[in-house]
Amino acid sequence: MADTLHLQIITPDKLLVREDVDTVQIPGKNGYLGILPGHAPLITELMIGEISYTQGGTTQYLAVAWGFAEVLSDKVTILADTAERSEDIDVQRAQEAKAKADEALRQAAPDLDYAAVQYAQRRAEVRLEVAARAGHATTAH
Ligand code: ATP
């Protein structure tokens, strides 16, 4: 059995990650899924959340929103609608997106697309959480 996973994270814009890693955690349809080499094959939808992967004791983080992941025993392929590495997140933009969503939910106009605004709020919150991890890549001792 392989002792690493070949991880690819692809968005419509670019190939964001192509690395051999030790573990991957993804926001699957039924909650966060931790994947180690040798995992049973599966396909899952991705929600709005955080992807993390560990490589030689260092963990990297990305914000993700929607898509699919295919897990094989030695390979994880993520096709994401949007994904950003923690260090690439524009914090001001995410703060503005969150403020706009917060305000729309507070005003609750009759024609408000409630679900769409809640998703926008969640995307912005996750981006802020993941951005806060930039420069704080955790290293196991
Ligand atoms: P906004 O209202 O700021 O556009 P959004 O949640 O509506 O946010 P999305 O539709 O999820 O934006 O994403 C559109 C594109 O912009 C994607 O390529 C996504 O990766 C990128 N993106 C969105 N917000 C940020 C951010 N804060 N930092 C970096 N890239 C971002």
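**Close-up views of a predicted model**

**View 1. Y119, a partly exposed tyrosine.** With a relative accessible area of 40%, Y119 is partly exposed. Keep in mind that what you're looking at is a predicted model. W66 is partly exposed too, at a relative accessible area of 26%.

View 2. Counting rings whose centres lie within 6.5 Å, the model comes to 1 aromatic pair.

**View 3. Helix α2 across the strands.** Here α2 lies across β5 (42-55), β6 and β7. Against β6, the helix runs at about 145°.

**View 4. The open sheet of 7 strands.** Reading across the sheet, the order goes β2-β1-β7-β6-β5-β3-β4, and the pairing is mixed. At the edges stand β2 (15-21) and β4 (31-35); each has a single partner strand, so one side of each has no neighbour in the sheet. On average, neighbouring strands here are turned by 30° against each other, ignoring direction.

**View 5. Strands β1 and β7, side by side.** Strand β1 (residues 5-10) runs parallel to strand β7 (residues 75-85), and 5 bridges join them. Pick out H6 and you'll find its bridge partner in β7, K75.

**View 6. R133 over the ring of Y61.** The charged end of R133 sits over this ring, 4.2 Å from the ring's centre.

How values were computed: Residues numbered from 1 in each chain as written. Predicted model: local features only at pLDDT ≥ 70, side-chain atom pairs only at ≥ 80, totals over all residues. Heavy atoms only, no water. Phe/Tyr/Trp six-rings, centres within 6.5 Å; stacked < 30°, edge-to-face > 60°. Buried < 20%, exposed > 50% of the residue type's maximum accessible area, 1.4 Å probe, protein only. Lys NZ or Arg CZ within 6 Å of the ring centre and 35° of its normal. Pairing = 2+ DSSP bridges. Helix = DSSP H or I, 4+ residues; strand = E, 2+ residues; numbered from the N terminus. Axes fitted to C-alpha atoms, helices over the stretch in contact; angles between N-to-C directions. Contact = heavy atoms within 4.5 Å.
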